[in-house]
Amino acid sequence: MYTVIADLQNRDTGSFAGDEWGETDTRFLYGALNALSLLHLTSLVDVAQAVQYVQACANFDGGYGVSPGAETHSGQIFTCLGALAIAGRLDVVDKDRLGGWLSERQLDNGGLNGRPEKMEDVCYSWWVVSSLAMIDRIHWIDGKKLAEFILQCQVGFVTLNVPNTDEYQDHEMGGLADRPGDAVDVFHTFFGIAGLSLLGHAGLESVDPV
């Protein structure tokens, strides 16, 4: 398995393809470094060259895109920061500039969006907050307001004035939606709970932001 992952790296650019067909994306780069780091086999790839590729994906606003010159997006910021964290190279990140862009993703209702002019979505409770955690800037957003937004995305939400979690949860359905009033699904439930963990929500185990 590890040789298949290692062989997906372009040794000239440092990028990684997702498969034999050659599409490159910073998501594949992060996934490759993450998998190899878990196996203690990052020595099989050119980590320094991968870091250079991530740096080439940086934009003027401090964020990162899927490839050099691509639009900044919260999901891609997570993959790039995660890769840099694994490589031990978060020192190359403009943390204040990036932290500013990420904190601007919080809307008046407390939720987060993935890029400017987009709607809030619970999944960004992970992509944005984990990125802020990696650069030590979680305190740049209103964590209490975000947690309240996430809890409002539960089916059967009643009122945030009642601190008992049972008041929020529909015992027949359960789960979290992308935003209040929408259907719940596993994807948003997973990332919503992960986001709450990063915010230090009571009753949840801590999760590694990388």
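Start by selecting Arg-89: it is partly exposed at 32% relative accessibility (buried means under 20% relative accessible area, exposed over 50%, and partly exposed in between, with a 1.4 Å probe and protein chains only). The term means a side-chain nitrogen of Lys or Arg within 4 Å of a carboxyl oxygen of Asp or Glu. Asp-91 is exposed, with a relative accessible area of 52%.

A quick word on what you're looking at: this is a predicted model, where local features need pLDDT of at least 70 and side-chain atom pairs count only at pLDDT 80 or more, while totals for chains, interfaces and linings use all residues. Residues are numbered from 1 along each chain as its sequence is written, and side-chain values use heavy atoms, leaving out hydrogens and water.

Next, pick Asp-94 and Arg-97, whose side chains form a salt bridge at 3.2 Å, N to O. Asp-94 is partly exposed at 39% relative accessible area, and Arg-97 is partly exposed too, at 47%.

Now jump to Asp-178 and Arg-179. Are Asp-178 and Arg-179 buried or exposed? Asp-178 is buried at 15% relative accessibility, and Arg-179 is buried at 17%. They form a salt bridge as well, with the closest N and O atoms 3.1 Å apart. A search of the whole structure finds nine salt bridges.

Time for helices (DSSP runs of H or I, at least four residues, numbered from the N terminus). Select H6, residues 124–134, and H8, residues 186–198: their axes come within 7 Å and cross at roughly 30°. Axes here are lines fitted to C-alpha atoms over the stretch in contact, and angles run from 0 to 180 degrees between N-to-C directions. The crossing of H6 and H8 is left-handed, meaning that the near helix is turned anticlockwise from the far one by less than a right angle. To see the contact (heavy atoms within 4.5 Å), show Ser-125, Trp-126, Trp-127, Val-129 and Ser-130 of H6 with Phe-191, Ala-194, Gly-195 and Leu-198 of H8.

Move on to H2 and H4, whose axes come within 9 Å and cross at roughly 35°. This crossing is left-handed. Among the residues that meet here are Leu-29 and Tyr-30 in H2, and Phe-78 and Ala-83 in H4.

Zoom in on Leu-81. Leaving aside neighbours within four places in sequence, Leu-81 is in contact with Tyr-64, Leu-90, Val-93, Leu-98, Ser-131, Met-134 and Ile-135.

Last stop: Asp-7, in the loop between H1 and H2. Asp-7 is exposed, at 64% relative accessibility. Select Glu-20 too: it is 13 residues from Asp-7 along the chain, and their C-alpha atoms are separated by 9.4 Å.

How values were computed. Helices (H or I, at least four residues) and strands (E, at least two) are DSSP runs, numbered from the N terminus.
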